[in-house]
Amino acid sequence: MAMGSEEPEYAERLLQLEGENPHLQNESKGPYTGDGSVDLSGNPVLKNHTGNWRACPFILGTECCERLAYYGISKNLVTYLTKELHQGNFSAARNVTTWQGTCYLTPLIGAFVADSYWGRYRTVAVFSTIYFIGMLSLTLSASIPALKPPHCIDFLCPEPSTYQSAIFFFSLYLIALGTGGIKPCVSSFGADQFDDTDPKERTSKGSFFNWFYFSINIGAFTSGTFLVWIQDNQGGSPVMRICQVVVASIKKWNLKVPDDSSLLYELEGSRSAIQGSRKMEHCAKFKFLDKAAMISTLDTKREDLVNPWSLCTVTQVEELKILIQMFPIWATTIIFSSVYSQNSSLFLEQGMVLDKNIGSISIPPASLSTFDVISVLICIPIYDRLLIPTVRKFTGRESGFTDLQRIGIGLLISILAMISAYLVEIKRLQIAYSEGLVHQKVAVSMSILWQIPQYFLVGAAEVFTVIGQLEFFYEQSPDAMRSICSALALVTSSLGSYSNSLILTLVASVTTRGGTPGWIPDNLNEGHLDRFFLLIAGLSGLNLVMFVWCALRYESKKAS
């Protein structure tokens with residue numbers, strides 16, 4: 001990683017190195033950078049060993065995380081000051097603007113230290129540590145009950161003690177100091193990774209600034225949407241409630257859970273301790289977590305019946321139990337998204353080497369993906385108007401299938417889609433061999449319309465799996481966590497694409513050893529795309545077995 005330029009000493013040190021290594025005297029513009037960049041020890045930088053794009057992901061990640069933390073705090077600070085520290089609107093607004101002003105003043109300190117003493121690398125490293133310590137202490141001040149005032153009782157809101165205020169504002173301004181060393185140095189430090197005397201690296205430097213600004217906005221966007229939503233919905237309470245159950249269970253690890261679940265702690269009446277949630281009935285699974293809802297002698301002595309870190313309600317415990325049960329179901333739908341991602345990748349590449357001409361019309365391979373959409377448009381009315389009424393007569397359920405049954409059927413259909421693609425590729429390769437086209441990067445005389453079944457099956461699988469997944473995560477998620485659980489259901493699409501990329505990388509690495517073209521070469525006539533489709537079908541089959549195993553053991557939510 002290049003540390004930036006130290007011009008006065010650079011030439012002298014380079015001459016010294018050239019004196020020690022005569023073979024470098026005529027190559028000082030070759031192996032070394034020409035813009036005066038030095039490493040951490042102050043030595044000239046070897047271009048092939050450091051800097052350039054290899055260092056940039058860490059620099060861009062640092063900026064993204066810093067902006068995420070800064071905006072996450074600044075956009076939620078007024079809410080926290082008024083709701084948790086019980087400040088008035090005037091005081092809260094004044095404290096926020098003062099802190100923001102300080103955050104934009106401290107970069108002068110960081111810039112002076114970087115240019116005069118430490119250099120950009122050390123400055124970013126030291127001030128990032130300060131930033132982290134500030135974030136850690138701020139998190140503790142917001143999480144530990146003793147470090148913040150008690151909750152309001154009716155209209156009586158206790159003010160924070162001097163000690164509580166001191167811890168909070170010390171943490172806040174420690175963050176302001178930390179950002180002062182990061183903001184003015186990160187962009188320059190990133191640009192330092194590219195040699196100004198190299199035309200190619202100058203072009204890369206312009207690209208770096210594009211991605212740098214992209215990283216800033218990723219952090220700002222995430223903090224302005226997801227983090228703000230969490231803050232406005234009880235300050236991240238879903239995550240906090242989960243942590244409280246875990247902590248309370250561990251505290252009481254040596255207690256024996258009673259056989260009678262009515263002895264566990266729960267509020268009387270129909271009101272739940274969790275805002276926006278119904279009470280949930282106790283289930284016998286994961287009994288260790290029930291310890292969090294046991295009223296111990298110590299709880300009674302300390303009067304900890306209102307401290308959720310020591311005693312949780314049955315409903316709060318059941319929230320975590322539901323999430324634990326839902327996780328394997330969620331995980332087994334990721335492979336389906338890998339199958340779906342073939343629509344925009346390998347299905348298209350397969351179509352490129354099939355005969356695209358239907359009479360005088362040439363069909364673009366990408367247009368075949370419309371059969372996926374057509375399949376969805378056809379299957380939904382059939383499912384809703386014909387299949388469900390028929391199944392309802394046999395199952396007696398209003399919805400016909402359960403959500404898990406619907407997901408499982410979709411996973412099965414997705415396997416059939418990959419088998420269909422496998423069979424098409426087997427036939428295509430046979431034609432390529434028979435026509436002597438193996439070593440030619442050309443299409444074979446097999447109509448692209450043979451791809452329609454695989455696209456159609458993927459669409460049918462969507463109708464079952466995707467819609468069933470959305471219904472499952474809505475119906476089974478805790479009432480106060482429905483948005484988060486629904487979002488997790490959507491995240492499987494992203495993870496499916498990533499997992500497909502990982503599988504492709506591993507397949508390419510394994511199958512190209514020894515100089516062989518591999519399963520997916522540039523010329524698919526030389527490859528074995530059929531084996532890849534069969535691999536995905538096999539993985540989907542194993543995934544379906546795991547799904548069925550988890551689904552049979554799933555215990556549905558019971559709310560009262």
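Start by selecting Phe-464, which counts as buried because its relative accessibility is 10%, where buried means under 20% relative accessible area, exposed over 50% and partly exposed in between, with a 1.4 Å probe and protein chains only. The model is a predicted one, in which local features need pLDDT of at least 70 and side-chain atom pairs count only at pLDDT 80 or more, while totals for chains, interfaces and linings use all residues. Residues are numbered from 1 along each chain as its sequence is written, and side-chain values use heavy atoms, with hydrogens and water left out.

A search of the whole structure finds 14 aromatic pairs; rings of Phe, Tyr and Trp (its six-membered ring) pair if their centres lie within 6.5 Å, and planes under 30 degrees apart count as stacked, over 60 as edge-to-face and the rest as tilted. Phe-347 and Tyr-455 form an edge-to-face pair, 5.4 Å centre to centre with 80 degrees between the planes. This pair links distant parts of the chain, since Phe-347 is in helix H12 (residues 346-352) and Tyr-455 is in helix H15, 108 residues apart; helices (H or I, at least four residues) and strands (E, at least two) are DSSP runs, numbered from the N terminus. Both Phe-347 and Tyr-455 are buried. Tyr-383 and Phe-464 are likewise an edge-to-face pair, at 5.2 Å centre to centre and 90 degrees between the planes, and they too link distant parts of the chain, with Tyr-383 in helix H13 and Phe-464 in helix H15, 81 residues apart. Select Phe-532 and Phe-533 as well, and you will have one aromatic cluster made up of Phe-347, Tyr-455, Phe-532 and Phe-533.

Return to Tyr-383 and show the whole of helix H13 (residues 370-395), which has a kink of about 45 degrees centred on Tyr-383; the bend at a residue is the angle between axes fitted to the seven residues ending there and the seven starting there. Which residues of H13 are buried? They are Asp-372, Ser-375, Val-376, Cys-379, Tyr-383, Ile-388 and Val-391. These buried residues pack against helix H11 (334-341), helix H14 (403-434) and helix H15 (452-476), contact meaning heavy atoms within 4.5 Å. Following H13 is Gly-396, whose phi is positive, near 80 degrees.

**The nonpolar cores**

Next, select Met-326, Ile-329, Leu-404, Phe-472, Phe-473, Phe-547 and Tyr-554, which touch the most other members of the largest nonpolar core, a set of 33 residues. A nonpolar core is a set of buried Ala, Val, Leu, Ile, Met, Phe, Trp, Tyr and Cys residues joined through side-chain atoms within 4.5 Å. Helix H10 (314-331), H11, H13, H14, H15, helix H16 (482-511) and helix H17 (529-552) are the elements that give two or more residues to this core. Which element gives the most to this core? It is H15, with six residues.

Centre the view on Tyr-554, which, leaving aside its neighbours within four places in sequence, is in contact with Lys-285, Ile-322, Gln-325, Met-326, Ile-329, Leu-404, Phe-472 and Gln-476. Apart from this core lies another, of 28 residues, among them Val-339, Met-418, Val-444 and Phe-533.

**Positive phi in two loops**

Move to His-86, in the loop between helix H3 (77-83) and helix H4 (89-103). His-86 has a positive phi of about 60 degrees although it is not a glycine, and at 15% relative accessibility it counts as buried. Then go to Phe-286, in the loop between helix H8 (237-251) and helix H9 (297-302); phi of Phe-286 is near 50 degrees, a positive value in a residue other than glycine. Is Phe-286 buried or partly exposed? Phe-286 counts as partly exposed because its relative accessibility is 34%.

**Helix H6 and the cysteines**

In helix H6 (residues 162-191), select Tyr-163, which is exposed, with a relative accessible area of 54%. The C-alpha atoms of Tyr-163 and Leu-147 are separated by 7.9 Å, although the two are 16 residues apart along the chain. Ser-165 is also in helix H6 and is partly exposed, with a relative accessible area of 21%; its C-alpha atom is separated by 8.4 Å from that of Leu-85, 80 residues apart along the chain.

Finally, select Cys-243, which is partly exposed with a relative accessible area of 34%, and Cys-550, which is buried with a relative accessible area of 11%. The structure holds zero disulfides, a disulfide being a pair of cysteine sulfur atoms within 2.5 Å.
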